[in-house]
Amino acid sequence: MALLRLPDPYDFELSTGRYRAFGPDLANLWRDGALYRIVDGREVRIAEAPGGVDVDPLDTRTEPVVRRLLGAPFDLDAFYRFAATDLILAPLVTRLRGLRPPLAATPFETLVTSITAQQVSLRAAFAIRNRLIERFGGARGRHAVAFPERETLANAPEDDLYELGFSRRKAAYVVGLARSELDLDSLEALPDDEVKNRLTALPGLGEWTADWFLARYLARPHAWPAGDLGLRKAVSAFYGDGVMLTTDEVRASGPRFEPHQNLTAHYLLTGFQTALWK
């Protein structure tokens with residue numbers, strides 16, 4: 001093992017909570033206080049340590065992936081200075097200090113996961129995701145299994161995905177995405193609106209999916225998934241005076257948090273899920 005230092009502040013327990021929240025995830029497996037992920041065919045173990053995290057193995061190939069999985073790219077200092085000016089966010093960030101939202105490792109995995117989660121509970125989505133990984137995944141470690149490669153799913157019969165729990169429509173979306181000509185890696189160089197335009201041009205990828213891609217893969221600061229039911233509930237709980245806000249109302253509230261909509265969304269979601277709004 002080797003120590004990887006992370007930006008301060010960093011709270012390991014809070015920042016890895018998503019890996020435990022909705023049941024096991026074979027591609028990002030939490031086990032006995034550590035996170036396991038296959039990177040370039042090798043299983044990587046990530047565990048809390050004084051001053052950072054212990055990573056085994058840690059090298060130039062695994063370090064960038066680990067930093068993404070732990071949310072290291074986010075600028076918390078600027079967000080906290082902004083949050084101190086908001087009566088709702090100020091106490092919230094104090095209680096959640098060091099929370100860094102995890103980022104997905106690859107763009108293809110991000111989008112397939114979003115398709116899987118459309119209109120079902122996240123626990124159901126993770127169960128279907130695990131069956132997909134078990135059936136089509138790549139390298140296997142002692143604990144984790146590599147998420148399926150794009151080429152693998154491009155060659156997968158839609159009926160096979162249907163048997164794993166995908167609807168007929170979602171199976172077609174996943175295979176269609178895998179077979180599409182869209183260069184997913186090139187999206188990182190594009191502005192937010194163009195990313196959304198290119199994604200939503202594909203069947204099955206709507207605004208909700210595009211917003212979460214901006215938030216959870218590209219870590220764009222302005223990403224604001226107003227159509228997400230969880231975020232609607234969170235914004236309503238903290239800012240709606242007990243009234244459930246509409247998607248349009250939540251979208252209209254986004255500029256209030258400029259230029260930190262992404263981190264605001266994650267902190268409000270975590271605050272709502274842990275009942276800090278009560």
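Analyst: Buried means under 20% relative accessible area, exposed means over 50%, and partly exposed is in between, with a 1.4 Å probe and protein chains only. This is a predicted model: local features need pLDDT of at least 70, side-chain atom pairs count only at pLDDT 80 or more, and totals for chains, interfaces and linings use all residues. Residues are numbered from 1 along each chain as its sequence is written, and side-chain values use heavy atoms, with hydrogens and water left out.

User: Fine. Is Glu 194 buried, exposed or partly exposed, and what does Glu 194 form a salt bridge with?

Analyst: Glu 194 counts as partly exposed because its relative accessibility is 28%. Its salt bridge is with Arg 198, and the closest N and O atoms are 2.8 Å apart. A salt bridge here is a side-chain nitrogen of Lys or Arg within 4 Å of a carboxyl oxygen of Asp or Glu. Arg 198 is partly exposed too, at 35%.

User: Where do Glu 194 and Arg 198 lie?

Analyst: Both are in helix H11 (residues 192-200), 4 residues apart, about one turn of the helix. Helices (H or I, at least four residues) and strands (E, at least two) are DSSP runs, numbered from the N terminus. An α-helix has 3.6 residues a turn, so residues three or four places apart point the same way.

User: How many salt bridges does the structure hold? And which residue does Lys 196 pair with?

Analyst: The structure holds 16 salt bridges. Lys 196 pairs with Asp 211, with 2.9 Å between the closest N and O atoms. That pair links distant parts of the chain, Lys 196 being in helix H11 and Asp 211 in helix H12 (residues 207-216), 15 residues apart. Both Lys 196 and Asp 211 are buried. Salt bridges with shared partners join Lys 196, Glu 207, Asp 211, Asp 248 and Arg 251 into one network.

User: And Arg 140, which side chain does it meet?

Analyst: Arg 140 meets Glu 134 in a salt bridge, 3.1 Å from N to O. Arg 140 counts as partly exposed because its relative accessibility is 46%; Glu 134 is partly exposed as well, at 43%.

User: Change of topic. Which residues touch the most other members of the largest nonpolar core?

Analyst: That core has 67 residues, and Leu 89, Leu 132, Leu 161, Leu 199, Trp 224, Tyr 267 and Leu 268 touch the most other members. A nonpolar core is a set of buried Ala, Val, Leu, Ile, Met, Phe, Trp, Tyr and Cys residues joined through side-chain atoms within 4.5 Å. The largest share of this core, 6 residues, comes from helix H10 (residues 168-179). Apart from it lies another core of 16 residues, among them Leu 6, Phe 12, Val 44 and Ile 46. In soluble globular proteins, nonpolar side chains tend to be buried together.

User: What do the buried residues of H10 pack against?

Analyst: They pack against helix H6 (107-117), helix H8 (150-154) and helix H9 (158-163). The buried residues of H10 are Lys 170, Ala 171, Tyr 173, Val 174, Val 175, Leu 177 and Ala 178. Ala 171, Val 174 and Val 175 are also among the contacts of Leu 161, as are Leu 132 and Phe 136, leaving aside neighbours within four places in sequence. Contact means heavy atoms within 4.5 Å.

User: What about Asn 130, where is it found?

Analyst: Asn 130 is in helix H7 (residues 122-136). Asn 130 counts as buried because its relative accessibility is 15%. Beyond neighbours within four places in sequence, Asn 130 is in contact with Pro 24, Asp 25 and Leu 26. Arg 129 is in helix H7 too, and Arg 129 is buried at 5%. Among the residues Arg 129 touches, not counting those up to four places away in sequence, are Asp 25, Glu 109 and Phe 147.

User: Last one: which peptide bonds are cis?

Analyst: The bond from Asp 8 to Pro 9 is cis, with omega near 0°, and a cis bond with omega about -5° joins Glu 258 and Pro 259. Pro 9 is in the loop between E1 and helix H1 (12-15). Pro 259 is in the loop between helix H14 (247-253) and helix H15 (261-273).
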